[in-house]
Amino acid sequence: MYNKSEIEQKIAEFLLQIKAIKLQPNNPFTWASGWKSPIYCDNRITLSHPSIRTYIRQKLSELIQEEFGACSVVAGVATAGIPQGALVAQDLGLPFIYVRAKAKEHGTQSLIEGEINPGQRVVVVEDLISTGKSSLQAVAALRDAGYEVAGLVAIFSYGFDVAAENFAEAKCRYATLSNYSALIEYAAEHNFIQKNDIQLLGDWRKNPSEWGK
């Protein structure tokens, strides 16, 4: 049986342990968007740790079966969702394709790489959800190619309201192994952050585009 809260905490533990997630509430990062952030997440680091990589692969596969049932193909989102998606496809014994950030500028000018079979039920694999914009661009590309998108799974979500709104508007279900709330809970309990940082970290998620200005 898929134990949601146990898996959320275990993923949080792993990501903090290997520094795939860094928390710096008093020395914030600057994202490419220009947002100031007390958290930085790079789930590619999990690929360098075989036991953690295996756990994530297994739990993503279980999450897909729990949330979406049988699918015919797995699609990764470029770039960080490609290796995670390929691992999951191998685990489930399914074909794998991936969606580029933009169409190739030469040759076939493909946006989707792999054997395309319209009408198949596809599940999308992503590493991280922030606003959901890039993930939903991939979903739209798959729908345009004739796929039925069952939904999307990811390792981690910041839990922004705007992401939930964007997925709802696109009529796309999604599920993640862990999330910001579970991470902060684990980080506080295991001394990755100070107790007085919790309020500050909560304020960031409520209004990330204005936080720290």
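What follows is a walk through a predicted model, taking the sheet, a helix and the core in turn.

## The sheet

Start with the open sheet: six strands, ordered β7-β6-β5-β8-β9-β10, with mixed pairing. At the edges sit β7 (112-113) and β10 (174-179), each of which pairs on one side only. Further in, β5 (residues 73-77) and β6 (residues 96-99) run in the parallel sense and share four bridges. Valine 77 stands opposite valine 99 of β6.

Two helices pack on this sheet. Helix α4 (residues 133-144) touches β5, β6, β7, β8 (121-129) and β9 (148-157), and its direction makes about 165° with that of β8. Helix α5 (residues 161-169) touches β8, β9 and β10, at about 160° to the direction of β10.

## Helix α2

Helix α2 covers residues 50-68. At 1.5 Å a residue, its 19 residues should span 27 Å, and the end C-alpha atoms are 26 Å apart, so the two agree. Just after α2 comes glycine 69, with a positive phi of about 70°.

Which residues of α2 are buried? They are Ile52, Tyr55, Ile56, Lys59, Leu60, Ser61, Leu63, Ile64 and Phe68. Their cover includes α1 (4-17), α3 (81-92), β8, β9 and β10.

## The core

In soluble globular proteins, nonpolar side chains tend to be buried together. Here, the largest nonpolar core has 68 residues, and the members touching the most others are Ile21, Leu23, Ile39, Leu142, Phe156, Tyr158 and Leu183.

Take leucine 183: leaving aside residues up to four places away in sequence, it touches Ala12, Leu16, Ile21, Leu23, Ile39 and Phe156.

Definitions and conventions. Residues are numbered from 1 along each chain as its sequence is written. This is a predicted model: local features need pLDDT of at least 70, side-chain atom pairs count only at pLDDT 80 or more; totals for chains, interfaces and linings use all residues. Side-chain values use heavy atoms; hydrogens and water are left out. Two strands pair if DSSP finds at least two bridges between them. Contact means heavy atoms within 4.5 Å. Axes are lines fitted to C-alpha atoms, for helices over the stretch in contact, and angles run from 0 to 180 degrees between N-to-C directions. A nonpolar core is a set of buried Ala, Val, Leu, Ile, Met, Phe, Trp, Tyr and Cys residues joined through side-chain atoms within 4.5 Å. Buried means under 20% relative accessible area, exposed over 50%, partly exposed in between (1.4 Å probe, protein chains only). The expected span of a helix is 1.5 Å times one less than its number of residues.
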